[in-house]
Amino acid sequence: MSTTAGVSAGELAVRAIRIMADGDRADFDALVHPDAVNREDDVEPPECRVGGPTGYYATALWLRTAFEGLAYEIHHVIADGNLVAINSTMSGRHVAPFAVYTPAGGVDTVFPPTGKSFAITQSHWFRLEDGMVVEHWANRDDLGQAKQLGWVPPTPAYLFRMARAKRRASR
């Protein structure tokens, strides 16, 4: 495993996951390269698509706003040079509207808060350079999350709430 200032690539990637739940802007500035790319930002709000620490921090705020108690449990970390794969479980409670976006940046779907908790597996892939994250990809159990939160199968009442929430978010 490669190291930067005594910290392994795996440790750096684990920090990159954990700051999504509770890091402040300075944590992102210290860990995310100014030219970093998040390959998962195509469904995120436009402010998350700028890359670098600004975009990564905006992604964290987007998730934290919708999911109270956001947390990541790390199960496995594998590093090969500057490439790190992490198997984790993300958990939280859905307390605010969660909007996903079209590739063009418009509001696609809004899930009104259900108050329900979830815990889903994810794998995250990071490419590091000079001790900083320069690229991120992820595979998430979005269907598992949707089932646990009551988004699918949606009840007629929840479909109505979704339509109303989308109208509000689109304004």
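Buried means under 20% relative accessible area, exposed means over 50%, and partly exposed lies in between, with a 1.4 Å probe and protein chains only. By that scale, F98 and W151 are both buried. This is a predicted model: local features need pLDDT of at least 70, side-chain atom pairs count only at pLDDT 80 or more, and totals for chains, interfaces and linings use all residues. Residues are numbered from 1 along each chain as its sequence is written, and side-chain values use heavy atoms, with hydrogens and water left out.

Start with the sheet. Helices (H or I, at least four residues) and strands (E, at least two) are DSSP runs, numbered from the N terminus. Two strands pair if DSSP finds at least two bridges between them. Five strands make an open sheet in the order β3-β9-β8-β5-β4, and the pairing is mixed. The edges belong to β3 and β4; each has a single partner strand, so one side of each lacks a neighbour in the sheet. From one strand to the next, the twist averages 25°. Axes are lines fitted to C-alpha atoms, for helices over the stretch in contact, and angles run from 0 to 180 degrees between N-to-C directions.

Strand β5 (residues 83-94) runs antiparallel to β4, and eleven bridges join the two. A71 stands opposite S91 in β5. Helix α3 packs on the sheet, touching β3, β4, β5 and β9, and its direction makes about 60° with that of β3. Contact here means heavy atoms within 4.5 Å. Helix α4 lies across β4, β5, β8 (117-129) and β9, and runs at about 150° to β8.

Now turn to the rings. Rings of Phe, Tyr and Trp (its six-membered ring) pair if their centres lie within 6.5 Å; planes under 30 degrees apart count as stacked, over 60 as edge-to-face and the rest as tilted. The structure holds six aromatic pairs. F67 and F98 form a tilted one, 4.9 Å centre to centre with 45° between the planes. F67 lies in strand β4 (residues 67-80) and F98 in strand β6 (residues 98-101), so this pair ties together parts 31 residues apart in sequence. F67 is buried at a relative accessible area of 1%. For F98, also buried, the value is 8%. F98 stacks with W151 as well, at 6.0 Å centre to centre and 15° between the planes. W151 sits in the loop between α4 (142-149) and α5 (156-170), 53 residues from F98. Ring pairs link W62, F67, F98, F111, F118 and W151 into a cluster.

Charged contacts come next. A salt bridge is a side-chain nitrogen of Lys or Arg within 4 Å of a carboxyl oxygen of Asp or Glu. There are seven in the structure. R39 bridges to E135, with the closest N and O atoms 2.7 Å apart. R39 lies in the loop between β3 (32-38) and α3 (52-66) and E135 in strand β9 (residues 132-140), so the pair ties together parts 96 residues apart in sequence. R39 is partly exposed at 44% relative accessible area, whereas E135 is buried at 10%.

E40 and R140 meet in a salt bridge at 3.6 Å, N to O. E40 belongs to the loop between β3 and α3 and R140 to strand β9, so this pair spans 100 residues in sequence. E40 is buried at 14%; R140 is partly exposed at 35%.

R127 also forms a salt bridge with E135, its closest N and O atoms 2.7 Å apart. Salt bridges that share partners join R39, R127, E129 and E135 into one network.
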